[in-house]
Amino acid sequence: MLTTKLVDNAYELALENFDAAADVLGLDNDTREMIKYPERVLTVTVPVRMDDGHIHRFEAYRVQHSQVRGPAKGGIRYHPQVTLDEVKALATWMTWKCAVVNIPFGGGKGGITCDPKHMSKGELERMTRRYTSAILPIIGPEQDIPAPDVYTNSQTMAWIMDTYSMTKGYPIPGVVTGKPICLGGSLGRNEATGRGVFYTTQCACEHLGMELKGSTVVVQGFGNAGSIAAQLLYEAGAKVIAVSDSAGCVYNRNGLNIPELMHMKALCGHVEGFPESEPISPAELLALECDILVPSALENMVNAENAGTLRAKIVAEAANGPLTPAADRILESKGTYVIPDILCNAGGVTVSYFEWVQDEQHLFWEAQDVYDRLERVMKTAFRDVLKIHLDRTIPMRTAANVLGIGRVAEAVQIRGIYP
Ligand code: NAD
């Protein structure tokens, strides 16, 4: 298994990015104190009876960074490297992200430090249900609405929805998004993040005068976000020359057949060994000459140590926090165009919002409605961020943060402080 070197503390990086944008906005100290830090942090113990009969104790978290603009919203991650600081960083980014796409949610995130690849379905179900009951007092359709993230999926959401509903005594589909369609999920939610990445990449190409058709693409991380982004770029005529997952990387300079690679990944669980491809190392993958690099795995993958090797013209951040601030500075000096995470991957939370609206109204939309609305939201957000980037001559990431943080600051200033 490829290891991820978490060289920096993601939460400290999130705070550093906040300060940069708050300085541009000229935010006063009182407002900074009100919106910078998580509003609520919950750490819970999750004891689970494992298949061999012993009880294993997992440590788990739910962080609500902000409810200023609406209920907290954010995914739940199952991964061996989950830490409280990582969850706090991810919750913080969710607040600014929801504000960038202007949906009425704040930011939240959850996580369990576990190794889901070495757990049975029964163990995962028992862990998910016990975790749900532990965080139950602070979640709900009007309070905090979880969704899938790394190594969680629609089945995980179904277990959470069921546990929550059984405890309350009636069905409450709006407590989570990313559910199966038969439980009140939205058409288009599964591919929403990748689709949003695709729309913002289209906008970036248009802005830079680059042709998407025929461009070369490298995708790091071939899960939900990365594989769908790869598929849509492939369908638009781009050449996806390399792809990786946690077990290995595959490369073909003439382009990989993405639908076949997705089929193989679904069957075998990995991309390594794909016909008509050669294996390369993770470092070689990042350093490939290409038009568009789509980091779609975990945070801090591009950092001070390897940013200098990148040769992509555009970096489309499907993952949350894949570039450290030091990497940002290096790429900025090389003239690389970065579509920042809180803009690029906001398609997931946008369709989660659509799902929540449909659940609340008990009225469900056609897939095309979802795609059209998503396209409008993503392209409007891209235009808004681009305008700030050009008007103020600041990096795209700072521009996105200025937009998101500015909207949250405005809301908190109007609400005032209680009591
Ligand atoms: P996923 O579990 O579906 O996929 C993660 C992928 O990353 C897997 O293919 C895994 O093998 C790969 N991976 C893990 N470690 C790796 C490594 N060291 N090198 C290369 N590949 C590695 O998760 P996902 O939902 O696609 O999430 C991926 C990223 O996108 C995360 O940062 C997540 O926070 C972000 N994101 C996801 C959504 C969503 O709706 N799913 C929305 C917004 C942001």
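A polar contact here is a pair of N or O atoms within 3.5 Å; within protein, one must be able to donate a hydrogen and the other to accept it, and residues adjacent in sequence count only if both atoms are side-chain atoms. Keep that handy for the first stop. This is a predicted model, where local features need pLDDT of at least 70, side-chain atom pairs count only at pLDDT 80 or more, and totals for chains, interfaces and linings use all residues. Residues are numbered from 1 along each chain as its sequence is written, and side-chain values use heavy atoms, with hydrogens and water left out.

**Stop 1: the ligand**

Select the ligand, then Ala318: a polar backbone atom of Ala318 is 3.4 Å from a ligand oxygen. Now show the side chain of Asn320, which has an N or O atom 2.7 Å from a ligand oxygen. On its own the ligand has 830 Å² of accessible area (Shrake-Rupley method, 1.4 Å probe), and the protein covers 92% of that.

Next, colour domain 1 (40–179) and domain 2 (192–344), whose bounds come from an automatic or database domain assignment. Both give residues to the shell around the ligand, so the ligand lies between them. Helix 7 (224–235) and strand 7 (239–245) each give two or more residues to that shell; helices (H or I, at least four residues) and strands (E, at least two) are DSSP runs, numbered from the N terminus.

**Stop 2: the cavity**

Which residues line the largest cavity? Pick out Leu13, Trp93, Asp341 and Arg397, which are among them. A cavity is a set of points, on a 1 Å grid over the protein atoms alone, where a 1.4 Å probe fits but cannot get out; lining residues have an atom within 4 Å of a point. This one has a volume of about 90 Å³, meaning the space filled by probe spheres set on points joined across faces, edges and corners. Show helix 1 (10–25), helix 11 (341–344) and helix 14 (396–415), as each supplies at least two lining residues.

**Stop 3: a pocket**

A pocket is an open set of points with protein on both sides within 12 Å along at least five of seven lines. Select Asp328, Glu332, Pro395, Met396 and Thr398, the closest to its centre of the 20 lining residues.
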